[in-house]
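Trainee: I am new to this structure. Please take one part, the charged pairs and their surroundings, and walk me through it closely.

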Amino acid sequence: MPGLYLHIPFCKQACHYCDFHFSTSMALKSRFVEALVRELELRARYLGDDTTLQTIYFGGGTPSLLTDNEIDIIFEAIHRHFTVSPQAEITLEANPDDLTAAKLRSLAASPVNRLSIGLQSFHEPHLRLMNRAHSAQESRQCVHMAQAAGFENISVDLIYGVPAPDHRIWERDMEEAFALQVPHLSCYALTIEPDTVFGRQLKKGTFKAPPDDFVAAQFEMLLSQMRAHGYEQYEISNFCRPGRESRHNSNYWRGVPYLGLGPSAHSYDGASRQYTVANNPQYVTAILEHNEVPATYEQLTPTDRANEYLMTSLRTARGCDLAYLHQGLGVDLRTQRAEYLQHLQNNGWATVQHETLTLTDRGKLLADHITLELFLEQ
């Protein structure tokens, strides 16, 4: 069943690693909410006649910067144009410094039933290095307060591969996260993108990224500790207690259609993609003054669909269904890439069992490279 993604493009300050679309100016926030509601109306039939939502996801940016009234306005618009399943998973991304007791009470009284909290680290110097707006103490307190407010379905984000003399900081970060007893953890390697503070510092020589083997060692530690604490790795960066995966994000990886609203949001209807402009003023002006969504449309070729399936499925524990790839998308990987598939298995990077290609722990370290090698040419 389809999902709805809403991109909230505002942040208090810019994290030094982030290359998502956002603005630190709140001047357009109220107009943005008005435009978001209008876009919802304009695109309510993007997914066809099936308007029952099984998942709703507020991403960003920092959705926890929305006021109670703004959240109410958005949900009122959603319910005007969609049916929301009584069992819908409704996630809101939040930063610890926004999650006061009062904010959590209001969120608990709203339709939101899942929080994704960007902790990133419990080590104060690392938080400062990344230019996070919260403290290590706020990282701990906000989760406890969220649990006290009635939120049980909580995910927390951590970042590993941050420059450090050894692995002890990462070990302590994991210990602190496990102590919170949340059902879901998302753990990402620090990636240095060119158009970020870290990217510019790296180019100037004022920031030094850790070597690949340092990051790989922390990933291996992560896998070991997750298993030891009863978490399943259902996607390369995502871990959960049994049965507690993010339904919304899992649908992305399974190729389920979804509608994305807001500047920089993507949408997918099964055959094409739509990309909304990553510019707040342009987005607001186009929708409110011209009644049109400023977006780029892309019709997917069979090769595009096959490559997207390879890219997403290989990141998951389910793996790539070779029979579906062959019968559903017209690509016989066993025949076309037989030599490379054997190479992956011989090196212990992947297994092929029951028509499913799955990466091993060693293979997950090379997931991006392996996927590119398997990509089909147009």
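Mentor: Start with Glu70. At 10% relative accessibility, Glu70 is buried, because the cut-off for buried is under 20%. Keep in mind that this is a predicted model.

Glu70 has a charged partner. It forms a salt bridge with Lys29, and the closest N and O atoms are 2.7 Å apart. This pair links distant parts of the chain. Glu70 belongs to helix H2, residues 68–81. Lys29 belongs to helix H1, residues 29–42. Lys29 is buried, with a relative accessible area of 10%.

Why can such pairs form? Side chains of opposite charge can pair when their charged atoms come close.

Now widen the view. The structure holds 16 salt bridges. Another of them joins the side chains of Arg227 and Asp361, at 2.6 Å from N to O. This pair also links distant parts of the chain. Arg227 sits in helix H8, residues 212–228. Asp361 sits in helix H15, residues 361–364. Here 134 residues separate the partners. Arg227 counts as exposed at 51%, because exposed means over 50%. Asp361 has a relative accessible area of 28% and is partly exposed.

Next, go to Arg273. Its salt bridge partner is Glu308, with the closest N and O atoms 2.6 Å apart. Again, distant parts of the chain are linked. Arg273 lies in strand E11, residues 272–276. Glu308 lies in helix H11, residues 302–313. They are 35 residues apart. Both Arg273 and Glu308 are buried. Salt bridges can also share partners: Lys12, Asp97 and Asp98 are joined into one network this way.

Now turn to a polar contact. The side chains of His184 and Tyr234 are joined by one of 2.6 Å. His184 is found in strand E6, residues 184–189. With a relative accessible area of 1%, His184 is buried. What does His184 touch, not counting residues up to four places away in sequence? Its contacts are Arg114, Ile154, Ser155, Val156, Tyr231, Tyr234, Asn238, Phe239, Cys240, Arg244, Glu245 and Ser246.

Finish with the backbone. Most residues other than glycine have a negative phi, and most peptide bonds are trans.

Begin at Gly60 and Gly61. A cis peptide bond joins them, with omega about 20°. Gly61 is in the loop between strand E2 (52–60) and H2.

Move on to Asn131. Its phi is near 65°, a positive value in a residue other than glycine. Asn131 lies in the loop between helix H4 (124–129) and helix H5 (136–148). At 25% relative accessibility, Asn131 counts as partly exposed.

Then look at Asn291. Its phi is positive too, at about 60°, although Asn291 is not a glycine. Find it in the loop between helix H10 (280–290) and strand E12 (295–299). Asn291 is partly exposed, at 44% relative accessibility.

Definitions and conventions. Residues are numbered from 1 along each chain as its sequence is written. This is a predicted model: local features need pLDDT of at least 70, side-chain atom pairs count only at pLDDT 80 or more; totals for chains, interfaces and linings use all residues. Side-chain values use heavy atoms; hydrogens and water are left out. Helices (H or I, at least four residues) and strands (E, at least two) are DSSP runs, numbered from the N terminus. Buried means under 20% relative accessible area, exposed over 50%, partly exposed in between (1.4 Å probe, protein chains only). A polar contact is a pair of N or O atoms within 3.5 Å; within protein, one must be able to donate a hydrogen and the other to accept it, and residues adjacent in sequence count only if both atoms are side-chain atoms. Contact means heavy atoms within 4.5 Å. A salt bridge is a side-chain nitrogen of Lys or Arg within 4 Å of a carboxyl oxygen of Asp or Glu.
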